[in-house]
Amino acid sequence: MSILQALVGHYDRLVANDKAPEYGYSFEAVSFGIVLSRNGEVVDVLDLRDTSGKTPRPSRRLVPRPAIRAANVVSNFLWDKTAYVLGVKSDRNSKTPIPAQRGEHADFRQLHLRLLAGTDDSGLNALLAFLEKWNVEDFGNLARANDMLDTNIVFRFDGDRRFIHERPAARHVWQDHLAAQDQAEGHCLVTGELGPVQRLHPKIKGVKGAQSSGASLVSFNLGAFESFGRRQGNNAPISEQAVFAYTTTLNTLLARASSRNIQIGDATTVFWAEAAGVEAEAEAAEDLFSILAEPEVPTDAEEAVKVADKLSAVADGRPLADVQPGVNENTRFFVLGLAPNAARLSVRFWYEGSIGSIARRIGEHWRDMRLEPSPWTTPPAVWRLLLETAAQRRSANIPPALGGALMRAILTGGRYPHSLLAALVARMRADKDINGRRVAICKGCLARDYRLGFEEEDVPMSLNPDEKNVAYRLGRLFAVYESVQRAALGNVNTTIKDRYFGAASATPASVFPLLERSSANHLASLRKSEKGGLAHWFDREIDLIVSGLDTDFPRSLRLEEQGRFAIGYHHQRATRRVASDRDSEGGDTGIDED
C-alpha cells in the first residue's frame, strides 16, 4: 500500500470518530467573531481565543477549507484574515493598521456577492449587507480592533448561536461551489476512480523546520518536474476528495494536540493503526507504540514500575497481550517520517506492517544495545541515541538524515546505518567522552552486524577477560594505563585519554610503545611508595591483558575495531574490581568505577 493510500484509508476512521472534518472543511485557527444585525451593522465583536494559558491563543474551529495561496490573492468562504474580511492589515514596521494594498477585500467581497446572489437566508443576507456598506476607515471603531489585526475572523448572525458558515444554507452553497470547480478529469492514482483531479494540493503543517505556512508533500511547480505537457498536479493525478483526505489526515496527526506524532532527529514522525473497524484495538496499538518509541519513566513511582515492566516484557519478547491489554499483534500499523526540504517535504522513512512485528523489532533493537552495567534506567528513545552523535549534544547538530536511517533500521531489523558508528567514533575522538551511552550504541552496531552475518566476531555485553579480539584488549589495556597514571600522579588535569585516545584507537602502533614506557615509569614510582601492592595488582592486570595479544600492535584499526576499542576501554573502567591485596594495603586500584 502506498503512503497516500494508507493516509486516505485512515481518513475514514478519523471522520467516524469525529477527529477530522468532513470533505470541504478544515480546522483552522480563529481568533474573533463579528456579530451582524439583519441590515449588516456590526453588533458586537466576540473574542474566540483560548485564554487558558498565559497568553491568548487562537481556537481551532471547523470552517470551509482554506484556499490555496502562493503569491496570489484568493479568498476563503465566510472567514479569512482581516486583510480580506475588513481590508486592513498590520504595518510591518509600526504594527499599526493600514489598508490592504493587493485588493484582498475586493476579492473577498466579489466572491461572496457571486456565490450568495439570490439567497433567501437571513444570515447570508446580513453578510451581503455588511459587505455592501463596510468602509475600511471604520476599522478603528470596532471593539478589540488592535487585537484583531491579521487574525482570522468568522461571522455570526445576531440572535443565532451558530456561526454563519455553520448555517444549512451556507453549507449548501459551499458544497455546490466545490462541485462546480472546473478541474480536469482523470483516473485517481490513489482510488483508481475517474473524477476531477486536484491541480494544487493543500500544504501540510506541523513538520518541524518546515515553513510556518506549511509545505507540500506532492508538488510540481517547475518545468523540470513536469512531463508530456501536464501542469502541476496533473503530473500525478489525484482526485479532489483523495487530496483532501490525505492532507486532512496528515494535518490531524501533526496537530499540536495530537499524541500520534514524535520527533526523531530531523524527521517529524506520525503513526497510526487500522484494525478493521475495531477502534479499541487500533487505539491500544497506537498507545503501545507511543510507549515503545519514546520510553520515558513517569515521576509517579507506581506508574514508573508499570511502564518499566512493560518495556522489559517487550525486550524479552513476551506476547503483546501481556504487555498492553487489548492489543492484537496482527493490527496493521503505519509509521511515516517527514523532514523539511525548502517548501516541500521529504519522506525519511515509511513502514507498513503489524504492531506485533514492530514490537519484535524494537525488542531486538533494545537487546542489541544492552550493556552491563546499563547506562539507562529504561531502554532509550531513538532521539536519545541521536543526541550522542551531536556536538554539544544539541539536536540541531545531529547529522542530517541519520534519524531517518536509524529508525528505518529499527523498524525493518536491518543494519544500523554505517554513519551512526562513524559519528559516534568521531565524537569520542573529538571530545574524549567515552560514556556508557555511546559505548552501548557502538556495541549495538557491532552486535547487530554479527547477528546478521556482517561481522565474524560477537561483542561482549560486559567485561570478558577471555575475549581475544585485539582491539577490545587494547581498549582494556589503555584503561589500565590511564588508571596507573592516575594512581601515580593523583588527579591530573590531562590524562592519557585526553591526549592519546583518538590516536590509540585508530593507530595503536604509533602510541602504545610510548604508553608502555610511561606506564613503566609510573609503576616504578608506585613500587617505591606505600602503594607497592597496588603496583603489583597493575602489573598482574597488564600481564593478563597482554598475554592474550598474539600479535604486535596493529598499525591501524578499521572503524568497527575502533568501536571495539571503546567498548573494551569502557568495560575495564566500569567494572568494579577489587585487588587481591587491597585490604592489606588499604589502597585503591585507581580504576574509575563510573
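A residue counts as partly exposed when its relative accessible area lies between the buried limit, under 20%, and the exposed limit, over 50%. Keep that in mind as you click around this predicted model.

**Stop one: Lys 19 and Glu 283.** Select Glu 283 in helix α8 (residues 279-293). Its relative accessible area is 30%, so Glu 283 is partly exposed.

**Stop two: Arg 49 and Asp 147.** Here's another salt bridge, with closest N and O atoms 3.9 Å apart. Arg 49 is in the loop between β3 (42-47) and β4 (59-64), while Asp 147 belongs to helix α5 (residues 145-148). Asp 147 is partly exposed, at 41%.

**Stop three: helix α20.** Pick Glu 561 and Arg 564, whose side chains form a salt bridge (3.3 Å, N to O). They are 3 residues apart in the helix, so about one helical turn separates them. Are these two buried or exposed? Both are buried.

**Stop four: α16 and α17.** Show residues 470-489 and 496-506: the two helix axes come within 11 Å and cross at roughly 160°. That is over 145, so the pair is roughly antiparallel. The crossing is right-handed. Zoom in on the contact, where Phe 478 and Tyr 481 are among the α16 residues, and Tyr 500 and Phe 501 are among those from α17. The contact residues divide into 6 nonpolar, 1 polar and 2 charged.

Definitions and conventions:
Residues numbered from 1 in each chain as written. Predicted model: local features only at pLDDT ≥ 70, side-chain atom pairs only at ≥ 80, totals over all residues. Heavy atoms only, no water. Axes fitted to C-alpha atoms, helices over the stretch in contact; angles between N-to-C directions. Helix = DSSP H or I, 4+ residues; strand = E, 2+ residues; numbered from the N terminus. Parallel < 35°, antiparallel > 145°, perpendicular 65-115°, else oblique. Left-handed = near helix turned anticlockwise from the far one by under 90°. Contact = heavy atoms within 4.5 Å. Nonpolar A, V, L, I, M, F, W, Y, C, P; charged D, E, K, R; others polar. Buried < 20%, exposed > 50% of the residue type's maximum accessible area, 1.4 Å probe, protein only. Salt bridge = Lys/Arg side-chain N within 4 Å of Asp/Glu carboxyl O.
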